[in-house]
Structures are given as C-alpha cells and as structure tokens.
Amino acid sequence: MAAAAAAAAHVLVFPFPLQGHINCMLPFATALAAAGVLVTFLHSDHNLRRLGPASTPDGPHSQRLRFLSVPDGLPDNDPRSVGGLLELVESLQAVASVAFRALLASLLSTKSPSRADHHDAADSGSGFPPVSCVVADGYLPWAIDVADELAVPVLAFHTSSACSILAFLSAPRLFELGDLPFPAGGDLDEPVHGVPGMESFLRRRDLPSSFRRAGEHGVNPRLRVLVKDTSRSSGKARALIFNTADSLERSALAHIAPHMRDVFAVGPLHAMFPAAAIAKSLWREDDGCVAWLDGQADRSVVYVSLGSLAVMSHEQFTEFLSGLVAAGYPFLWVLRPDMVGASQDAVFQEVARATGDGDQARVVAWAPQRDVLRHRAVGCFLTHAGWNSILEAVLEGVPMVCWPFFADQQINSRFVGAVWRNGLDMKDVCERAVVEKTVREAMESDETRQSAEALAEQVKRDIADGGSSAMEFKRLVSFIRELSSTSE
C-alpha cells in the first residue's frame, strides 16, 4: 500500500518567478525527486528561456523531475526589476493564473500537459501520473486558490523567514494595540509589542518594509494586500513549508503552528539538497572572482552583495565605496548592471579610481555566492539580508553587516544583530563613516565571529541525519504521499 502511494505522488512545485524564490524552491524540488516523488517544476516562459538548455534535469533522479512553464504576461524585453515588481504581480494574476488553471487541469488527467517546456519534451507527460499535490509559493495566493478550486491538495511554501510571516499574521493585533499605523514623524526606534515572542527587541523600523507609513491614513495599501494574501493562503493550505531551521526560528514557528493545519521547517534547503547540476541562476556568474579570492589572505576580504533586486542611488554607492575603501580591507563587490543609477562601466571605473591597486578590489556583475561564502578568504558579508543570503552566510559561519532594502529584510537584519548576534544591523543608514566602522567591527570582533561559528554548528546539527530539519523533511514527504493517496 505504501509503495502504491509513493508511486502515485506527483507534486507540482510553483515558485514566484524571481531569482530568490527559484534559489529556494529548486533544491526543494530536487529533494522531493531524490525521495522518490515525481516533480513538475513550473517556471515562467521568460525565465525558462533565460536559463536555457542547462536547466534540463541531469543526475540520478532526473527522470523524476521535469520543467514546464506558463507566461508571466510581460513582454520579453521587460526588465522585471524591482521598480516594476507590482506590474509583474498584477500581470501574473491576470495572465499566469489563467494559464496555470488550464495547465493544472490538464495535469489532472493521464494525458500529456497542454504546455511543455522548451527542451524537446512535448511527450514529457509519459510516465508521470496525474498531479496529486501542489506546492505553491506563498506569494502566489491565486495559485493556491486555483489548486483548491480544482480540489487538488495544496501546500504553501514560504521563501521568506518565519519571523516575517509571523509579523504579517500579527498585523491585526498591531492595529488593535495601536502599533499601526506609525504616527507621522514618529520615532522608528519605538518598541513594537504586538508580534508574539519578539516583544523584547522588535522596533518599528524592524517590521517588514510595507509596514512603514505610506498612503492614505498612513497605511501602505500594499500592506493590507499582503496581510490579506498571507492569511488567505495560509488558511487554505493543508500545511505551510518554511526554508528555516528550528535553532534559528523556534519561537516564530511555535507561534505560527497553532493557527495552521500543519507547519514544516525543512531548511536550509540549499545545504541539505544542493541543485548544482541544474541551472538556477538567471545571471551569468563570474567564476573568476573565486580565483581572485584564492590570492587573498584568510578572512581578509569583505564580500558585498545586495541581492537580485536591491537598487541604490549614485550617492549611496559613493558612500558605500568610500566606507569600504576607508575600512582598509580588500573587497569583492557584486554590482548588477541595473543596480546603480549610472552606467555599469562608469561605476566600475569609479571603484578602480578609488582603490588604485588592482588587488584591493574586485567588482563583478554576479557571483557564485555559495562558493564565495565558503571561501577561506572571506571575513564578512555585507548583505541586503534577504533570507537566502542570511541562510547561506549562517551555514558558513560568516559574520554579516546588514543593509536591508525591502520586504522581510528589515526583520531579518534585526535577528542578525539582536537575536543571533552573528552580525551587525546597519539599516536606514548610508554614511561612509558608518560603513567603515561597521565593516571593521564585523571583520575584527571575536565575539561576533564566535557567535556566527556557534550558530553555524547548531544549524548543521539541524540538517544532519536525525536533526530537526532532516526529520521534518521525512515527515513532509510522508505527508505528501498520504495526501496523494487520498486524493486519487
């Protein structure tokens, strides 16, 4: 009976079509395939074309993993940058939702899907039974609605931190207590008391960026949408899946669990189930930066990367550059072409002029971040505090300096600075003197490094055989198989 249920398990995994979400959910998909579950991973047409032939599954479990795609509704030349994020969200809801419904309906039959991927797989449906379960990104609430309407068991996967989701779920309480909306001109360092388990350290400035004062009556209209979507998708889902570990977010998970049908903490997934054989980066990685690191002394380099969406003004770039140079350490800086309000060539030339010596700095458009963070030469990580980056730095025991940009990054950076104490929180400040001081402290503080290394050991125990994340993943696979057997 168990073997029949396992054979019937066919999961459709659907991430929000941005780099950070793919980075998180692709290892999850490969892990399910390794556990014997059949997996259809759903890209956007645009992203699947960008990934190219290297996205074709390879390796011992490749026959259990395939890629399909749906349109995101935007023209191919649209940059899909942070400035157009709302447009992407609206286009996905208008266009992708219709295509997703048709695709899922076709995947509920034994026939081949109505849309195949772009890699000669028109008959890729052969050998795959009907979809028995959907795992949809928590930022795609309409995908959860569609699966629910088609009577397919659906799980919500949150690619952001559990503490940020708890903040959204706590929003009604924050309004009730008067913590929201923030008063005009109010002190952002005022404590916030309405998020359970965080009363002793959370400030206004640490709440996700959409909580900040904006719009009519001081409430960001986007906040109301996010709170509604988080509550709605969480309520409809059979379970919530978090890419986190018990040792990192035990309290947040414990406060979320009583309000959900089930909760699984199964991370950090990139360390448990690497997806190295499959293309996952939408940007070309500069492997030469690893060779440059080889020529640097141990723990001597500041690695700077603000992720795939953050942007900065030219003035902010100049402050960062001046602070990094003044700190006196070599640095490796990821500067995407769309990141600074100036041409990339001009930005690179400014760095060259400021550093003079070619060994002092290396600037690249994109880097193989996990390889960089595990390199012996890296001494600290100046990061936007995106959840993937946080987890990658935590696993390598690298101290962090956090300069959050938006979304969950504000609350993540507070946990780094005030809870785990494996780094420093530099939010809402962009001054060269502060950059210099904070980078030096992260590079030179024995206490911060010891905290980072101790936290790394805790999380490694979580993902090892018998650890909390490893056991939770086994429980999740059993849960999916049980759903699959009952949905037939």
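Reader: Where is the place of Pro 268?
Author: Pro 268 sits in the loop between strand E7 (263–265) and helix H10 (269–272). This is a predicted model.

Reader: What makes the phi of Arg 299 worth a remark?
Author: Phi is positive, about 50°, although Arg 299 is not a glycine. Arg 299 lies in the loop between helix H11 (288–294) and strand E8 (301–305).

Reader: Is Arg 299 buried, partly exposed or exposed?
Author: The relative accessible area of Arg 299 is 44%. Buried needs under 20%, and exposed needs over 50%. Arg 299 therefore counts as partly exposed.

Reader: What is the phi of Asp 428, and where does the residue lie?
Author: Phi of Asp 428 is near 65°, a positive value in a residue other than glycine. The residue is in the loop between strand E13 (423–425) and helix H17 (432–444). Its relative accessible area is 40%, so Asp 428 is partly exposed.

Reader: How are H5 and H8 set against each other?
Author: The axes of helix H5 (residues 141–149) and helix H8 (residues 221–236) come within 9 Å. They cross at roughly 30°. Angles under 35 degrees count as roughly parallel. H5 and H8 are therefore roughly parallel to each other. The crossing in which H5 passes H8 is left-handed.

Reader: Which residues make the contact of H5 with H8?
Author: H5 brings Pro 141, Trp 142, Ile 144, Asp 145 and Asp 148. H8 brings Asp 229, Arg 232, Ser 233 and Lys 236. By class, the residues of this contact are three nonpolar, one polar and five charged.

Reader: What makes up the contact of H2 with H19?
Author: Phe 28, Ala 31 and Leu 32 come from H2. Phe 473, Leu 476, Val 477 and Ile 480 come from H19. The contact divides into seven nonpolar residues, no polar and no charged.

Reader: How many aromatic pairs are there?
Author: The count is 17 aromatic pairs. One of them joins Phe 14 and Phe 100, with ring centres 5.1 Å apart.

Reader: What does the pair of Phe 14 and Phe 100 tie together?
Author: Phe 14 is in strand E1 (residues 10–14), and Phe 100 is in helix H4 (residues 85–107). The pair thus ties together parts that are 86 residues apart in sequence.

Reader: Are Phe 14 and Phe 100 buried or exposed?
Author: Buried means under 20% relative accessible area. Phe 14 has 3% relative accessibility, so it counts as buried. Phe 100 has 0%, so it counts as buried.

Reader: Which residues form one aromatic cluster?
Author: Phe 317, Phe 320, Phe 331, Trp 333 and Trp 403 form it.

Reader: How do you know that H15 is largely enclosed by the rest of the structure?
Author: Helix H15 (residues 387–396) has ten residues, and nine of them are buried. That is why H15 is called largely enclosed. Among the buried residues are Trp 387, Asn 388, Glu 392 and Leu 395. Just after H15, Gly 397 takes a positive phi of about 65°.

Reader: Where does Ser 109 lie, and what makes it partly exposed?
Author: Ser 109 is in the loop between H4 and strand E4 (133–137). Its relative accessibility is 26%, so it counts as partly exposed. Ser 109 and Val 131 are 22 residues apart in sequence, and their C-alpha atoms are 8.1 Å apart.

Reader: What are the totals for the chain?
Author: The chain has 19 helices and 13 strands. Buried residues make up 59% of its 488 residues.

Technical notes
Residues are numbered from 1 along each chain as its sequence is written. This is a predicted model: local features need pLDDT of at least 70, side-chain atom pairs count only at pLDDT 80 or more; totals for chains, interfaces and linings use all residues. Side-chain values use heavy atoms; hydrogens and water are left out. Axes are lines fitted to C-alpha atoms, for helices over the stretch in contact, and angles run from 0 to 180 degrees between N-to-C directions. Helices (H or I, at least four residues) and strands (E, at least two) are DSSP runs, numbered from the N terminus. Angles under 35 degrees count as roughly parallel, over 145 as roughly antiparallel, 65 to 115 as roughly perpendicular and the rest as oblique. A crossing is left-handed if the near helix is turned anticlockwise from the far one by less than a right angle, and right-handed if clockwise. Contact means heavy atoms within 4.5 Å. Ala, Val, Leu, Ile, Met, Phe, Trp, Tyr, Cys and Pro count as nonpolar, Asp, Glu, Lys and Arg as charged, and the others, Gly among them, as polar. Rings of Phe, Tyr and Trp (its six-membered ring) pair if their centres lie within 6.5 Å; planes under 30 degrees apart count as stacked, over 60 as edge-to-face and the rest as tilted. Buried means under 20% relative accessible area, exposed over 50%, partly exposed in between (1.4 Å probe, protein chains only).
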